[in-house]
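This briefing goes through one protein chain, from its overall layout down to single residues. Keep the structure in view while reading.

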Amino acid sequence: MSISINGSNYVNSSATQSSASSQDSLSSGKRINSAADDAAGLQISNRLTSQIDGNGQAIANSITGVSVTQIAQGSLESITNDLNSLRELAIQAGNGAYSAADRDALQDQANQLLENIQSTLGSTTFGGQELLTQDGAIDFQVGADANNTLGVRTADLNDTFTSAGLTSFDITDVSSLDDAIAAVDQSIESIGALNAEYGATQNAFSARVDNLLNGQVNESSARSRIEDADIAGVVSSQVVTDILERSSIAVQAQANADANRALNLLGS
């Protein structure tokens, strides 16, 4: 014959489960460690995580876009310096005291500058893509959602310079100096317009980075409020459940001891 008292088993089990949940929260720092803790909260938290991660990559993409515009602007500045030097040579060739040999020497300098411009055009690349020798655009995903892109325009400056007459730059003949100067001026104007466009694009990328960083901070705060544990509250709850669990164990032990004494009396 046996007698047992199980009145405190439920309290003991409940306290044990609560204690285990508190331990999970304390070890992870999170209030939601599985869907059982808060299914809806976990779903919202996962969506926020996806948005935060997407914004992080969009920030990296935008910074790459800034780098592309900076490379293009650096090359355009170098080309502009060469064009200014060409203009100076054309004006110098207009000196009536210069001989034909003198102008030929100036033309040699001009040809070196023209070659340098071509070299700059060909070497202005990013990730293998040429920026100043073909018309087109390089698009960057600058947001966590679809259809959120920003493009960097590429331009074929060879066509621009050909249209301006720069490729036939000639300062050996005094009668062609006006055409040479006009070709340089038109090229400088085209370069200036393109450079301004790159500057505006760079500012657009920078503004997008600022917005993405701000959104990432706000989304991280929202996720933290949903999934992060209130450590002080969890510790307090842990203390209560530990006391409850130990009390339940003590009551169970005392009840079993009383049952054993009752059996001893019945058997005596």
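**Overall layout**

The chain contains six helices and four strands. The model is a predicted one. Read from the N terminus, the elements follow the order α-α-α-β-β-β-β-α-α-α. The points below start with totals for the chain, then turn to helix H4 and to some single residues.

**Totals for the chain**

- The chain has 268 residues, and 32% of them count as buried.
- Its accessible surface is about 14,600 Å², and carbon and sulfur atoms account for 49% of that surface.
- Taking contacts between residues at least 6 apart in sequence, 73% of them join residues at least 24 apart.

**Helix H4 and its surroundings**

- Helix H4 covers residues 157-164, and within it Leu 157, Phe 161 and Ala 164 are buried.
- Viewed down the axis of H4, the buried residues lie within an arc of 65°, so they line one face of the helix.
- The cover over these buried residues includes H2, helix H3 (100-123), strand S4 (149-156) and helix H5 (177-227).
- Just after H4 comes Gly 165, which has a positive phi of about 90°.

**How H3 packs against H4**

- Two packed helices are described by the angle between their axes and by the distance between those axes.
- For H3 and H4 the angle is about 150°, and the axes are 11 Å apart.
- This makes H3 roughly antiparallel to H4, because angles over 145 degrees count as roughly antiparallel.
- On the H3 side, the contact is made by Ile 117, Gln 118 and Leu 121. On the H4 side, it is made by Leu 157, Asn 158 and Phe 161.
- Two of these H4 residues, Leu 157 and Phe 161, are also among the buried residues of that helix.

- Ser 45 is part of helix H2, which spans residues 39-93.
- Is Ser 45 buried or exposed? Ser 45 is buried, because its relative accessible area is 1% and buried means under 20%.
- Leaving aside residues up to four places away in sequence, Ser 45 touches Arg 223, Ile 226 and Glu 227.
- Ser 220 belongs to helix H5 and is partly exposed, with a relative accessible area of 27%.
- Ser 220 and Thr 49 are 171 residues apart in sequence, while their C-alpha atoms are 7.9 Å apart in space.

- Gln 112 sits in helix H3.
- Gln 112 counts as exposed because its relative accessible area is 52% and exposed means over 50%.
- Along the chain, Gln 112 and Asp 82 are 30 residues apart, and their C-alpha atoms are separated by 9.6 Å.

**An exposed residue in a loop**

- Where is Asn 147? Asn 147 is in the loop between strand S3 (133-141) and S4.
- Asn 147 is exposed, with a relative accessible area of 79%.
- Although Asn 147 is not a glycine, it has a positive phi of about 60°.

Terms used:
Residues numbered from 1 in each chain as written. Predicted model: local features only at pLDDT ≥ 70, side-chain atom pairs only at ≥ 80, totals over all residues. Heavy atoms only, no water. Helix = DSSP H or I, 4+ residues; strand = E, 2+ residues; numbered from the N terminus. Buried < 20%, exposed > 50% of the residue type's maximum accessible area, 1.4 Å probe, protein only. Contact = heavy atoms within 4.5 Å. Areas by Shrake-Rupley, 256 points an atom, 1.4 Å probe, with all protein chains shown as cover. Arc of directions from axis to C-beta. Axes fitted to C-alpha atoms, helices over the stretch in contact; angles between N-to-C directions. Parallel < 35°, antiparallel > 145°, perpendicular 65-115°, else oblique.
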